[in-house]
Amino acid sequence: MTMRKAIIAGNWKLYKTISEAQALVKQLREELVDISDREIIIAPVFTALAPLAAEVAGSNIQLAAQNCHPAVSGAYTGEVSALLLKDVGCTSIIVGHSERRQLFGETDAFINAKIKSVLAAGLQAIFCVGETLEERESDEMFEVLTRQVREGLLGLDSMAMENVVIAYEPVWAIGTGKVATAEEAQDAHVFIRGLLAGLFDGKIDGQTRILYGGSVKPENIDGLMAQEDIDGALVGGASLKAEDFIRIVRFTQL
Ligand code: PGA
């Protein structure tokens, strides 16, 4: 039995208008009202954050942003800072999602700067790492994870790590319906925990929560959560349907 409190986070990506988002949150709020032994986080599009902040106020649902810019303010047309996301009511920010890395060319150094800005704002960073299919098949998986974790967390100390959650998301399992087996995910989580043990003093490796992401569904969540080193899930597609997300939040604890 682990002491790490589970997190189920929904990444809504570029879906849902404000009214659609409000309707979904209302349902989640009502049907998950009894949940207190696990953290529930939703990450809607930027434009829905302010209306949803009002919607989740006083509930057990926390708001996250899907991205931020590392600068506090300045001439960065089109960008949003961690401080402004805190201002609108976010408590966490997803950083380094594979779609940001692949489609928007985000580097490990840029992601590292973002994580630092999230922590400086007093928010929790949900830091995504994961290998592509090509990298896995050419046996570069551990090398890639090592680079992403090391460079993404560069310059952070053990205290800062208390506000970092890692999400292991194998790119080949995102939006593909191809979930990593619970054992494959567990192996990657153990490897990442080992990296943390090497990078930080003390008990950080045992305290840091590592989420799995990539085609998480009601049908596979229980098996994933039964793994010792899987502390929760970052859910894309299935977080857009109330029924599915509710079932995922209500995973069975063995
Ligand atoms: P998916 O997305 O659950 O739709 O595979 C996960 C993610 O991108 O975080």
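Good morning. The expected span of a helix is 1.5 Å times one less than its number of residues. Please keep that rule in mind for a moment; the model before you is a predicted one.

I begin with helix 5, residues 108–120. This helix has 13 residues, and from its first C-alpha to its last it reaches 18 Å, close to the 18 Å expected at 1.5 Å a residue. Which residues of helix 5 are buried? They are Asp-108, Ile-111, Asn-112, Lys-114, Ile-115, Ser-117, Val-118 and Leu-119. An α-helix has 3.6 residues a turn, so residues three or four places apart point the same way. Just after helix 5, Gly-122 takes a positive phi of about 85°.

I turn now to strand 3, residues 61–65, which is mostly covered, with four of its five residues buried. Strand 3 is paired with strand 2, residues 38–43: three bridges join them, and the two run parallel. Within that pairing, Ile-40 has Ile-61 of strand 3 as its bridge partner. Strand 3 is also joined to strand 4, residues 92–95, by two bridges, and these strands run parallel. Here Ala-64 stands opposite Ser-92 of strand 4.

What do strand 2, helix 2 and strand 3 make together? With helix 2 spanning residues 46–56, they make a right-handed β-α-β unit.

To close, I would draw your attention back to strand 3, which is joined to strand 2 by three bridges and to strand 4 by two. Thank you.

Definitions and conventions: Residues are numbered from 1 along each chain as its sequence is written. This is a predicted model: local features need pLDDT of at least 70, side-chain atom pairs count only at pLDDT 80 or more; totals for chains, interfaces and linings use all residues. Side-chain values use heavy atoms; hydrogens and water are left out. Buried means under 20% relative accessible area, exposed over 50%, partly exposed in between (1.4 Å probe, protein chains only). Two strands pair if DSSP finds at least two bridges between them. A crossover is right-handed if, with the strands pointing away from the viewer, the path from the first strand over the helix to the second runs clockwise.
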